[in-house]
Amino acid sequence: MGNRATFVIVGPDGPARHRSSYGAVGLDLDLLAGPGAVLPFLAGHALEVGWYPDDGVEAGVLVDPARRLLLLFVQEGPCATLRTRAAALELLRRAWAGWEVRWLYDGQHGLRAHLGLRPEPADDGAALLYTAPALEPDDEELADPDPVVAVVTIGPDRCHALGGVAPHPVEEGPSLLDRLRDAPDHGSHRLPADAGIHIDPERRRIGWWLTTAPAVPADALAARWPGWTVEFWEDRWAEHERASGGRFAPPAPDRAAALADVRDQVLERWAGPRGDARAALVAAHPHILVGDGFAPGVPAGRAAAARGAAWAAYREATGT
């Protein structure tokens, strides 16, 4: 098992693709160090011959220095958590000052589309989904400061919480209504969440949002709800709050606390030099075959520059 990530660096000769079998976790913390530290780190990964399947990639980034463009998506980390997302994206834009920073709401599909590549063949995967379980109101996951849940509100009076956010419940199509008919009703959800959907069965309208990126484009997901009006709210969870009449009402993120939290995570990520993961494995196990999808080393100078960039972004954001 890995945590696959795709990195694309656009150069004078076109895009160069790099891969990492274990680079998805912490990618947003890497990027928060700014281009000076991040570009050589990304370029140090193995070159990619082909593409991972869209549904097998958990994070990705495209960096175009000539256009000063940064595209990204991650499935976990401060950029994908409601409590810290706004703060993390604010620090990211400050760390990449002068760059256009855009979130890819359709994951690697969007990255490939940006490069003008043909999309993967479309299929209706709704019948093959591993559906997220409905949680009881006292489930221990809900006690976590950052619960990994998707909230489903239905009509004027039903509210359900599903464990996990991948796949998003919108991917199930109308069968979601049948599946949740006898699910535990929470009445309301006033805790954080990372995804949600409001369903109005009478008007046959739905709206959905998330803080990560699905493997299927939004228009393809809308096609799974034939005869329904489907609106994609991107990460605008407040739209869900309004549509549900306040039955979904997470606490507003504390900007100051979130900025400090993200800063500390970045500083820990870049606390010092890192060894080359593949070289270390080869040295420890010279007689086994080690893949090339591991992170390259980080020298002390680059780590120090990364910490400096993170501190500068934080001080600019807080005026300190």
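1. In this predicted model, the charged end of arginine 112 sits over the ring of tryptophan 51, at 5.2 Å from the ring centre; a charge counts as sitting over a ring if NZ of Lys or CZ of Arg is within 6 Å of the ring centre and within 35 degrees of the ring normal.

2. Because the model is predicted, local features need pLDDT of at least 70 and side-chain atom pairs count only at pLDDT 80 or more, while totals for chains, interfaces and linings use all residues. Residues are numbered from 1 along each chain as its sequence is written, and side-chain values use heavy atoms, with hydrogens and water left out.

3. Tryptophan 270 also takes part in a ring pair with phenylalanine 41: the centres are 6.0 Å apart and the planes stand at 70 degrees, so the pair is edge-to-face. Rings of Phe, Tyr and Trp (its six-membered ring) pair if their centres lie within 6.5 Å, with planes under 30 degrees apart counted as stacked, over 60 as edge-to-face and the rest as tilted. Phenylalanine 41 belongs to helix H2 (residues 35-43) and tryptophan 270 to the loop between H8 and helix H9 (277-284), so that 229 residues separate them; helices (H or I, at least four residues) are DSSP runs, numbered from the N terminus.

4. Both partners of that pair are buried, phenylalanine 41 at 2% relative accessibility and tryptophan 270 at 0%, where buried means under 20% relative accessible area, exposed over 50%, and partly exposed in between (1.4 Å probe, protein chains only). Seven aromatic pairs are counted by this rule, and ring pairs also join Tyr105, Trp208 and Phe232 into a cluster.

5. The whole structure contains 17 salt bridges, each being a side-chain nitrogen of Lys or Arg within 4 Å of a carboxyl oxygen of Asp or Glu. One of them joins arginine 269 to aspartate 30, with the closest N and O atoms 2.9 Å apart. Arginine 269 lies in helix H8 (residues 255-269) and aspartate 30 in helix H1 (residues 27-31), so the bridge ties together parts that are 239 residues apart in sequence. Aspartate 30 is buried at 2% relative accessibility, whereas arginine 269 is partly exposed at 28%.

6. A further salt bridge connects arginine 179 with glutamate 172, at 2.8 Å between the closest N and O atoms. Glutamate 172 is buried at 9%, while arginine 179 is partly exposed at 29%. Finally, Glu90, Arg94, Arg255 and Glu316 are linked in a salt-bridge network.

Conventions
Helices (H or I, at least four residues) and strands (E, at least two) are DSSP runs, numbered from the N terminus.
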